[in-house]
Amino acid sequence: MRLLKVATCNLNQWAMDFNCNMKNIKESIARAKEAGAVIRLGPELEITGYGCEDHFLELDTITHAWECLKDLLLGDWTDGILCSFGMPVIKGSERYNCQVLCLNRKIIMIRPKLWLANDGNYRELRWFTAWKQKDQLEDFLLPHEISEALCQKSVPFGYGFIQFLDTAVAVEVCEELFTPIPPHADLALNGVEVFMNASGSHHQLRKLDYRIRAFISATHSRGGVYMYSNQQGCDGGRLYFDGCSCVVVNGDMIAQGSQFSLRDVEVVVAQVDLDAVAGFRGSISSFQEQASCKTKISSVAVQYSLCQPFNLKMSLSGPLKIMYHSPEEEIAFGPGCWLWDYLRRSGASGFLLPLSGGADSSSVAAIVGCMCQLVVKEIANGDEQVKADAIRIGRYANGEFPTESREFAKRIFYTVFMGSENSSQETRMRAKKLADEIGSWHLDVSIDTVVSAFLSLFQTLTGKRLRYKVDGGSNVENLGLQNIQARIRMVLAFMLASLLPWVHNKQGFYLVLGSSNVDEGLRGYLTKYDCSSADINPIGSISKQDLRTFLRWAATHLGYSSLAEIEAAPPTAELEPIRSNYSQLDEVDMGMTYEELSVYGRLRKIFHCGPVSMFKNLCYRWGARLTPSEVAEKVKHFFKYYSINRHKMTVLTPSYHAESYSPEDNRFDLRQFLYNARWPYQFRKIDELVKELDGEKVPFGESSDHEKMGTTLDGGGGMGVIAAGSGNPKAGH
């Protein structure tokens, strides 16, 4: 037997905060050593933090990374343990995203990233160059100060692996695992038994299994120990890095860290027998044949042993059941942890939420409540950092600290119901009841006098008196009257957030939370600079359908029973008067359902459909109940309002990223914001297709099962991959 103990970790790094990052790195090494590990793997770019973005273009960032590495190597941190540190390195005139492998106070090798993540939320090619010289390792002259301090002039740089006396170890960096020909395939044929994947992977709903399947696949057919390390937390932007560091052996998960946590450092340790890898590979004939004619990869020889012989005092890690959270748990814990990181690092004293009693703002309130529960639970589990942050933010004194989530919420969470003459008593009472269940400091205010003042001013200026549509007014008047209410609420929210702490003799300020969902953003069903305008928004990339499912779950699992009643109520903005024959409803206002919006969103973003291809695919998807003419009208209606309202995305509140079809303009969904909303060419093409298809006739006949046929295996009459995927919440990467 060749027994090897390895350690990987989740680290809550913060972009550009080198003190924070170094503290976490050192603690992870100390814990790994204490556990007896001889390999320690950290996340991608862990020294600087992954999310530095254009700070990577600053030479200071590179210099500080080297200074931190020098600090690690001059101490005893790498004594007896192989450590892989992530940092940017400049070689010649190119900047590389690198893993620096160190042992016994020396740099053994620098491994630059071969394939860079450059889609979705990732822009690595903006800051780094991909390493392309795969045939040999090059000599890299260390910076002068580092060279002098370490008494080491140069180090091997490039694509290769480290050959120890008893095993071979190599690095594979994040995106490389997901490429068509990942490096681990050739490395395995060259005898590498331990793979270390340093990653900066963010959370998306229902996507963890995609990542874990890749780890399992990497070793299922070729054997090996696959270590994975990831950041965990908000490192300064819209993404939440969702940890789940793990170790996989020959296709079996043997150790797994948490996906969501308030802890800054979590170390995952596994004890493996490398003879199990050798035996597995020896039993696969095709592996043996391919290894015999492999392309040779350069290596660095190190006269050092990592393994220990057979010892019954060292127990081996066995296969375990993979832990997955339900989507409802992901919505609770992911944004909840993201909010905590943002709160404790922003210097704010708490949150303020305009709570309408509707599904969206109630979802945000429940997530804050969940955050408070997580804080109290982590303190009870002995986390001193969470405890210190909670004491500081909640302004506890005399040795007191949070022991009950409602009491903690009262200190750090304001909710405000901003009612008007159009608000119902039902929503007012729902907001009050939910606030009581969570424990927030709740206010109930009327904005009618402020609205009246604006309307009087407008009438004085123009001589015109505005009327709602139900009272005979025009659409322009009706929209104007709604927007006044919405924007007053935004102004009042920011005023209260800045002044209420002062009123209650507290220091600091409160962060205003937004509560518009991803579907409303996509359709533009929100007022520019209304309560959707806030400091941050934990649900801005979550669909209405997912939020409603979350509310039902949270009513039971978070203990906020009023959420069940809130979820059951029809969604309404309550910006128009309620009459016996009229009540404002979101889906009527939009001219489309939230379910349809999710379908449009996936087709537009995930499957890259313009108006014509969206029409074609929806003819398959909805062909059993709608005529081509009806499908055409729905597609035109969506694109008309999507393009008219696209400008609103330019000022969208920074939102937790959770959904593949998010329309977020600044980082993720990069498109123009001035459109010809008539789409004359594309809509003409749709009209021509409708005419060809006998547009007034349902093409597939009535069948309630038609929309499920895309997932059947019989191959007969299905709707195709794209149309089927448009209704699948797991679609996208």
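Is cysteine 102 buried or exposed? In this predicted model, cysteine 102 is buried, with a relative accessible area of 0% (buried, under 20%; exposed, over 50%; partly exposed, in between; 1.4 Å probe, protein chains only). Local features required pLDDT of at least 70 and side-chain atom pairs pLDDT 80 or more, whereas totals for chains, interfaces and linings use all residues. Residues are numbered from 1 along each chain as its sequence is written, and side-chain values use heavy atoms, with hydrogens and water left out.

The structure contains 0 disulfides (pairs of cysteine sulfur atoms within 2.5 Å). For cysteine 102, the nearest cysteine sulfur is that of cysteine 83, at 7.3 Å. Cysteine 609 is likewise in no disulfide, the nearest cysteine sulfur, that of cysteine 619, being 12 Å away; cysteine 609 is buried at 6% relative accessibility.

Salt bridges (a side-chain nitrogen of Lys or Arg within 4 Å of a carboxyl oxygen of Asp or Glu) number 37. One of them joins glutamate 46 to arginine 40, with the closest N and O atoms 2.8 Å apart, and both residues are buried. Glutamate 596 and lysine 634 also form a salt bridge (2.8 Å, N to O). Because glutamate 596 belongs to helix α20 (residues 594-606) and lysine 634 to helix α22 (residues 628-645), this pair ties together parts 38 residues apart in sequence (helices are DSSP runs of H or I, at least four residues, numbered from the N terminus). Glutamate 596 is buried at 9% relative accessibility, while lysine 634 is partly exposed at 23%. A network of salt bridges links Asp264, Asp341, Arg344, Asp389 and Arg392.

Technical notes:
Helices (H or I, at least four residues) and strands (E, at least two) are DSSP runs, numbered from the N terminus.
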